[in-house]
Structure formats: structure tokens, C-alpha cells
Amino acid sequence: MGSKSREYLFGSSIRAAAERAVEARLKADRLACEAWTLRMLGYHGPAQPSPTLGDALNAGYRYLEVKCLGCEMHSTVNLTIVRQPKETPIHELERWMRCQDCSKVRGYPYKRSHLVALRPTKISASDPPSYGYPGER
């Protein structure tokens, strides 16, 4: 006479715990990204500490909005094509941001960027750039 397998006894509780862990991780990543975005929009920084690239992608924030301090142009960076490890914090991406328009005028790669917010979509006519609180330009 055999006994019931461990899969039969514990399988459903293990799968349920794993599903709850995935949901909790997704919620934690989403909340961390929202808190960082609100801090950047409200206080204009500090950018550190920031969520990691993997956290932002897991939470559904596929784009990073960046503002050039020279020409005031807002643009988005697609985080799915960034060639950095997923453990890289978002604030470390700032050092590689270059404004194309300012670089063309000066003739060399010119860096004057400011991280603005994490976004689920690109900047478009229906989804304009982010600004801080009302009255700010």
C-alpha cells in the first residue's frame, strides 16, 4: 500500500504561494516606481535611490522621460532596448543621456539632462510631457 505523493499533498499550496509572491512583487515594483516618479515631479529629485531597470519593466513602465536643461526638450527613452543589466538603478542611466539637438549645435556630444518620470507610454499628442505640480513650466 503506497502513500500519497508530496505533489498531491503540497502541490496546490506551493503553487498558490508562488502566485501570491508574484503578485506581491508586481505590486511592490509598481509602488516603488510611482513613489520615485512623484518624488521627481514634486521635488525635482533627488534621483537616488531609484528603482532598478528590471523593477520598472516588471511594473509596466516601459519609458523614461528625460528633459534637456539646455533646450527644454522632453523626450522618452525606451527602457526595453537599453543595454544595461536589469539590476542597474534608473538614476545611473542619466550619465549616458545626450541631447541630439544641443549636440548638433555644439558639434560634440552634449549632456545636460534631467530625469523627469517613468511612463507606461511614449510622449504623444494625447499623452503630453509630464510637468510638476500646477503652475510650473
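**Reading a predicted model**

Biologist: How does Glu72 count at 47% relative accessibility?

Modeller: Glu72 counts as partly exposed, because 47% falls between the 20% and 50% cut-offs. Keep in mind that this is a predicted model.

Biologist: Which residue does the side chain of Glu72 meet in a salt bridge?

Modeller: Its partner is Lys67, at 3.3 Å from N to O. Lys67 counts as buried, because its relative accessibility of 16% is under 20%.

Biologist: Where does Glu72 take a positive phi?

Modeller: Look at the hairpin of strand 1 and strand 2, which has 5 residues between the strands; there Glu72 has a phi near 65 degrees. Strand 1 (63–68) and strand 2 (residues 74–78) run antiparallel, paired over 5 bridges.

Biologist: How many salt bridges does the count come to?

Modeller: The count is 3. One of them joins Arg119 and Glu65, whose closest N and O atoms are 3.1 Å apart. That pair links distant parts of the chain, with Arg119 in strand 3 and Glu65 in strand 1, 54 residues apart. Both Arg119 and Glu65 are buried. Another brings together the side chains of Arg95 and Glu92, at 4.0 Å from N to O. Here Arg95 counts as partly exposed at 48% relative accessibility, and Glu92 is likewise partly exposed, at 30%.

Biologist: Which residues touch the most other members of the largest nonpolar core?

Modeller: Among its 18 residues, they are Trp36, Ala56, Leu64, Leu79, Ile90, Leu93 and Leu118. Helix 1 (6–43), helix 2 (53–59), strand 1 and strand 3 (113–119) each give two or more residues to this core. Helix 2 provides the largest share, 4 residues. For a closer look, pick Trp36: beyond its neighbours within four places in sequence, its contacts are Ala47, Pro49, Ser50, Pro51, Leu64, Ile90, Leu115, Ala117 and Leu118.

Biologist: Is Ser113 buried or exposed?

Modeller: Ser113 is buried, because its relative accessible area of 9% is under the 20% cut-off. Ser113 lies in strand 3. Setting aside residues up to four places away in sequence, Ser113 touches Val66, Lys67, Cys68, Leu69, Glu94 and Met97.

Methods: Residues are numbered from 1 along each chain as its sequence is written. This is a predicted model: local features need pLDDT of at least 70, side-chain atom pairs count only at pLDDT 80 or more; totals for chains, interfaces and linings use all residues. Side-chain values use heavy atoms; hydrogens and water are left out. A nonpolar core is a set of buried Ala, Val, Leu, Ile, Met, Phe, Trp, Tyr and Cys residues joined through side-chain atoms within 4.5 Å. Buried means under 20% relative accessible area, exposed over 50%, partly exposed in between (1.4 Å probe, protein chains only). Contact means heavy atoms within 4.5 Å. Two strands pair if DSSP finds at least two bridges between them.
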